[in-house]
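Reader: I would like to learn how to read aromatic pairs in a model. Could you walk me through it, starting with the overall fold?

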Amino acid sequence: MNRSFFYIFTILSILSCKDSSLHKTDLTNTEQIVISNKEFKFEKAEALNDEAVNYGKNGFSKKANELLLEALKIEPDNATILSNLGLVNSHLRNHNRSISYFQQSLKISDSTYLSAGTNLSLEYYNVGEFQKGIEIADFVIKNTNNKYEEIGARIHKSFSLISKG
């Protein structure tokens, strides 16, 4: 009896010590538009971003968020890092924080980092701000040369138009 209790206690202790940042996020029914940007000033920021993208693509959103926040400390004016933080926070259902990161990404890039705009239009839909979603989607559609960004923006716009009524 004592030996069984010890084994159960040991297993439970080990499981409770698991790194919570490695909790896997279910990415079913989520969209991701990730455009690689090779305009990093520092290799360490780029490496952290790349590692975070790999964690994020595999559903480990909390770990990806931690790595991206480290990268952001190194390069606070990097539109790619900010946009990726927006994606990760969207997956974590932190929609208002996600919106903030996408807005910062657009602002820092002088509105040229349009994948952030495409994702921002979806986040506005997620929080029920349909008109803002439509407006940013229209901006992306008008200004992008990337067919995937345009398709994403058109889809997100249609979500908002249907929901707006």
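Reader: What share of the contacts in the protein with a separation of 6 or more comes from residues 24 or more positions apart?

Author: Residues at that spacing account for 61% of those contacts. Do keep in mind that this is a predicted model. The protein has 8 helices and 0 strands, and buried residues make up 41% of its 165 residues.

Reader: Thanks! How many aromatic pairs does the structure hold?

Author: There are 3 aromatic pairs. One of them joins Tyr-125 and Phe-130, with ring centres 5.9 Å apart and planes at 50 degrees.

Reader: How should I read those two values?

Author: A pair of aromatic rings is described by how far apart the centres are and by the angle of the planes. Planes under 30 degrees apart count as stacked and those over 60 as edge-to-face, with the rest tilted. At 50 degrees, the pair of Tyr-125 and Phe-130 is therefore tilted.

Reader: Which aromatic pair does Tyr-125 form with Phe-159, and where do the two residues lie?

Author: Tyr-125 and Phe-159 also make a tilted pair, at 5.4 Å centre to centre and 40 degrees between the planes. Tyr-125 sits in helix α6 (residues 114-126) and Phe-159 in helix α8 (residues 147-164), so this pair ties together parts that are 34 residues apart in sequence.

Reader: What do Tyr-125, Phe-130 and Phe-159 form together?

Author: They form one aromatic cluster. Phe-130 is partly exposed at 22%, and Phe-159 is partly exposed at 30%.

Technical notes
Residues numbered from 1 in each chain as written. Predicted model: local features only at pLDDT ≥ 70, side-chain atom pairs only at ≥ 80, totals over all residues. Heavy atoms only, no water. Phe/Tyr/Trp six-rings, centres within 6.5 Å; stacked < 30°, edge-to-face > 60°. Buried < 20%, exposed > 50% of the residue type's maximum accessible area, 1.4 Å probe, protein only. Helix = DSSP H or I, 4+ residues; strand = E, 2+ residues; numbered from the N terminus. Contact = heavy atoms within 4.5 Å.
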